[in-house]
Amino acid sequence: QVQLVESGGGLVQSGGSLRLSCAASGSIFSIDTMGWYRQAPGKQRELVAAITWGGSTNYEDSVKGRFTISRDNAKNTVYLQMNRLKAEDTAVYYCKARVSTLVADHDYWGQGTQVTVSS
């Protein structure tokens with residue numbers, strides 16, 4: 001069994017910063033792509049940023065230049081540094097990891113962490 005545990009969400013004023021963390025644990029052989037998604041009320045879940053094991057990244061257009069995704073492969077952990085936050089960044093943020101176990105590959109999701117940006 002694999003678990004993803006997120007932390008770091010909260011309430012911040014517009015223009016402020018937050019850092020999200022997501023740690024994977026369990027029967028992990030390797031982790032390929034890790035990513036952060038978000039879902040605002042009444043909207044579909046969308047990809048915010050993703051990073052491969054080798055460090056290649058991609059970002060949703062609205063967060064380019066403000067958010068930075070990184071990972072520590074030794075700790076099976078992915079981070080999202082969010083700067084210059086805006087009210088429209090308010091959402092529940094979820095991490096996702098493509099995990100290889102000894103049996104199969106599977107996508108796992110975290111439980112979500114709320115980010116609220118006050119204007």
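**Entry 1. Gln114.** I began with Gln114, which counts as partly exposed because its relative accessibility is 38%. For this and later entries, buried means under 20% relative accessible area, exposed means over 50%, and partly exposed lies in between, with a 1.4 Å probe and protein chains only. I note that this is a predicted model, in which local features need pLDDT of at least 70, side-chain atom pairs count only at pLDDT 80 or more, and totals for chains, interfaces and linings use all residues. Residues are numbered from 1 along each chain as its sequence is written, and side-chain values use heavy atoms, with hydrogens and water left out.

I located Gln114 in strand β11, residues 113-118. Strands (E, at least two residues) and helices (H or I, at least four) are DSSP runs numbered from the N terminus. I then listed the contacts of Gln114, a contact being heavy atoms within 4.5 Å. Apart from neighbours within four places in sequence, Gln114 is in contact with Gly9, Gly10, Thr90, Ala91 and Val92.

**Entry 2. The whole chain.** How many helices and strands does the protein have? I find 0 helices and 11 strands. The radius of gyration is 14 Å, close to the 14 Å that the globule rule gives for 119 residues, so the protein is as compact as a globular protein of that length. That radius is taken over C-alpha atoms, and the rule is 2.2 Å times the number of residues to the power 0.38. Along the principal axes, I read a C-alpha trace spanning about 45 × 25 × 20 Å.

Of the 119 residues, 38% are buried. Among contacts with a separation of 6 or more, 54% come from residues 24 or more positions apart.

For charge, I recorded 12 positive and 10 negative side chains, with the centres of the two sets 4 Å apart. Lys and Arg count as positive and Asp and Glu as negative, while His and the chain ends are not counted. Each charge is placed at NZ of Lys, CZ of Arg, CG of Asp or CD of Glu.

**Entry 3. The disulfide.** Which cysteines form the disulfide? I find Cys22 and Cys95, with their sulfur atoms 1.9 Å apart; a disulfide here is a pair of cysteine sulfur atoms within 2.5 Å. The pair links distant parts of the chain, since Cys22 is in strand β3 (residues 18-26) and Cys95 is in strand β9 (residues 91-100), 73 residues apart. The structure holds 1 disulfide. The torsion about the S-S bond of Cys22 and Cys95 is about 40 degrees, so the disulfide is right-handed. Both Cys22 and Cys95 are buried.

**Entry 4. Val2.** I turned to strand β1 (residues 2-7), where Val2 lies. Is Val2 buried or exposed? Its relative accessible area is 6%, so Val2 is buried. Beyond residues up to four places away in sequence, Val2 touches Ser25, Gly26, Ser27, Ile28, Val99, Thr101 and Tyr108. Val48 is 46 residues from Val2 along the chain, and their C-alpha atoms are separated by 22 Å.

Entry 5. I placed Trp53 in the loop between β5 (46-51) and β6 (57-59). Trp53 is exposed, as its relative accessible area is 55%. Leaving out residues up to four places away, Trp53 touches Ile31, Asp32, Arg71 and Asn73. One of these, Arg71, is 18 residues from Trp53 in sequence and 8.2 Å from it, C-alpha to C-alpha.

I found Thr68 in strand β7. Thr68 has 43% relative accessibility and therefore counts as partly exposed. With residues up to four places away not counted, Thr68 touches Tyr59, Tyr79, Leu80 and Gln81. The C-alpha atoms of Thr68 and Leu80 are 5.7 Å apart, at 12 residues of sequence separation.

**Entry 6. Positive phi.** I closed with backbone angles. Asn76 has a positive phi of about 50 degrees although it is not a glycine. I placed Asn76 in the loop between β7 (67-72) and β8 (77-82), and its relative accessible area of 23% makes it partly exposed. Arg84, also a residue other than glycine, has a positive phi near 50 degrees. I located Arg84 in the loop between β8 and β9.
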